[in-house]
Amino acid sequence: IHAPTLVCAGVFDRIAAPDNARKLAARIPHATLRFYRAGHGFLVEKPEFLDDAIAFLNGADVSARSEESARHG
């Protein structure tokens, strides 16, 4: 993959473990990894996901929330 890539995950996901998102992002050159304080349904649980996705597509840096920061608040 050579296009800008945003990999997102919920830190409490028990279906697609956050470790899988880390591994995926590590294998895609220059991927942005973003975590949300949610489970598998972070796409609908966290409305800010859509804002982040749109911002990413518009070229903004959305990598500010790490897994650790998402886990604790």
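How many aromatic pairs does a search of the whole structure find? The search finds three, where rings of Phe, Tyr and Trp (its six-membered ring) pair if their centres lie within 6.5 Å, and planes under 30 degrees apart count as stacked, over 60 as edge-to-face and the rest as tilted. The model is predicted, so that local features need pLDDT of at least 70 and side-chain atom pairs count only at pLDDT 80 or more, while totals for chains, interfaces and linings use all residues. Residues are numbered from 1 along each chain as its sequence is written, and side-chain values use heavy atoms, with hydrogens and water left out.

One of the aromatic pairs is formed by Tyr36 and Phe42, which are stacked, with 5.5 Å centre to centre and 5° between the planes. Tyr36 is buried at a relative accessible area of 1%, and Phe42 is buried at 9%; buried denotes under 20% relative accessible area, exposed over 50%, and partly exposed the range in between (1.4 Å probe, protein chains only). The pair of Tyr36 and Phe49 is edge-to-face, because the ring centres lie 5.9 Å apart and the planes stand at 80°. This pair links distant parts of the chain, with Tyr36 in strand 2 and Phe49 in helix 3, 13 residues apart. Helices (H or I, at least four residues) and strands (E, at least two) are DSSP runs, numbered from the N terminus. Phe49 has a relative accessibility of 17% and therefore counts as buried. Tyr36, Phe42 and Phe49 form one aromatic cluster.

Helix 3 (residues 48-57) holds the buried residues Phe49, Asp52, Ala53 and Phe56. These residues lie on the same side of helix 3, because they cover an arc of only 100° around the axis; the arc is that of the directions from the helix axis to the C-beta atoms. Leu50 and Asp51 are exposed on the face of helix 3 turned away from its buried side. The cover of the buried residues of helix 3 includes strand 1 (6-10), strand 2 and helix 2 (42-45). Just after helix 3, Gly59 adopts a positive phi of about 95°.

Strand 2 (residues 32-36) also contains Arg34, which counts as buried at 10% relative accessibility. The side chains of Arg34 and Asp52 are joined by a polar contact of 2.8 Å. A polar contact is a pair of N or O atoms within 3.5 Å; within protein, one must be able to donate a hydrogen and the other to accept it, and residues adjacent in sequence count only if both atoms are side-chain atoms.

Methods:
Contact means heavy atoms within 4.5 Å.
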